[in-house]
Amino acid sequence: MKVAILSGSVYGTAEEVARHAEKLLELQGLEARYQPRVSLEELVAFDPDAVLTVTATTGMGELPDNLLPLYHELRDRLPNWRGRSGAVLALGDSSYETFCGGGELMRELYAELGLREVVEMLRLDASETVTPEVDAEPWLATFVAALKA
């Protein structure tokens, strides 16, 4: 099973979590691919069976600048991914009113693309964790199990 991993990062944390997720998924026998600045053409050519997005949220509840171009391209072109699996791991800070808003935007996009969310979005709170990549491991294990089921 091929899993594309996307990330939206402000300070690099989401990229680190995405790299860690790629390693964990590969250890479980999945063909995981993470490219920090993947183009839509590269993503479509990879032809993933599942999409995992790891994203931070900006202070205004938006996606980080490095994910916005791909997000808009996906919304404009809507590749035929209906029925494929997806999951979102959102990083945020609960002191903001728009806690994990970037993750919610990706969930909405998944619905538009026809991706089915196989596990509920994980919300990691920066005010409660200093090791998000480690804190995400149990959720990632659940994601892998859902993909293999």
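Helices (H or I, at least four residues) and strands (E, at least two) are DSSP runs, numbered from the N terminus. On that basis, Asp-47 falls in the loop between α2 (40–46) and β3 (50–55). The model is predicted: local features need pLDDT of at least 70, side-chain atom pairs count only at pLDDT 80 or more, and totals for chains, interfaces and linings use all residues. Residues are numbered from 1 along each chain as its sequence is written, and side-chain values use heavy atoms, with hydrogens and water left out.

**Aromatic rings**

- The structure contains 1 aromatic pair.
- Trp-139 and Phe-143 form this pair, which is stacked, with 6.0 Å centre to centre and 5° between the planes.
- Rings of Phe, Tyr and Trp (its six-membered ring) pair if their centres lie within 6.5 Å; planes under 30 degrees apart count as stacked, over 60 as edge-to-face and the rest as tilted.
- Trp-139 and Phe-143 are separated by about one helical turn because they stand 4 residues apart in helix α6 (residues 137–148).
- Both Trp-139 and Phe-143 are buried (under 20% relative accessible area, with exposed meaning over 50% and partly exposed in between; 1.4 Å probe, protein chains only).
- At the ring of Phe-46, the charged end of Lys-2 sits over the ring, 5.1 Å from its centre; the criterion is NZ of Lys or CZ of Arg within 6 Å of the ring centre and within 35 degrees of the ring normal.

**Helix packing**

- Helix α3 (residues 68–77) packs with α4 at an angle of about 25°, and their axes are 10 Å apart.
- α3 is therefore roughly parallel to α4 (angles under 35 degrees; over 145 is roughly antiparallel, 65 to 115 roughly perpendicular and the rest oblique).
- Axes are lines fitted to C-alpha atoms, for helices over the stretch in contact, and angles run from 0 to 180 degrees between N-to-C directions.
- The crossing in which α3 passes α4 is left-handed, a term used if the near helix is turned anticlockwise from the far one by less than a right angle, with right-handed used if clockwise.
- Helix α1 (residues 13–27) and α6 cross at roughly 45°, and their axes come within 11 Å.
- α1 and α6 are therefore oblique to each other, and their crossing is right-handed.

**Serine side chains**

- Ser-7 belongs to strand β1 (residues 2–8) and is buried, with a relative accessible area of 3%.
- The side chain of Ser-7 makes a polar contact with that of Tyr-34 (2.7 Å); such a contact is a pair of N or O atoms within 3.5 Å, where within protein one must be able to donate a hydrogen and the other to accept it, and residues adjacent in sequence count only if both atoms are side-chain atoms.
- Ser-95 is placed in the loop between β4 (85–92) and α4 (101–113), and counts as exposed at 61% relative accessibility.
- A polar contact of 2.8 Å links the side chains of Ser-95 and Asp-93.
- Although 32 residues apart in sequence, Ser-95 and Ser-127 are 7.8 Å apart in space, C-alpha to C-alpha.

**Positive phi values**

- Asp-47 has phi near 55°, a positive value in a residue other than glycine, and is partly exposed, with a relative accessible area of 38%.
- Cys-100, in the loop between β4 and α4, has phi near 60°, again a positive value in a residue other than glycine.
- Cys-100 counts as buried at 1% relative accessibility.
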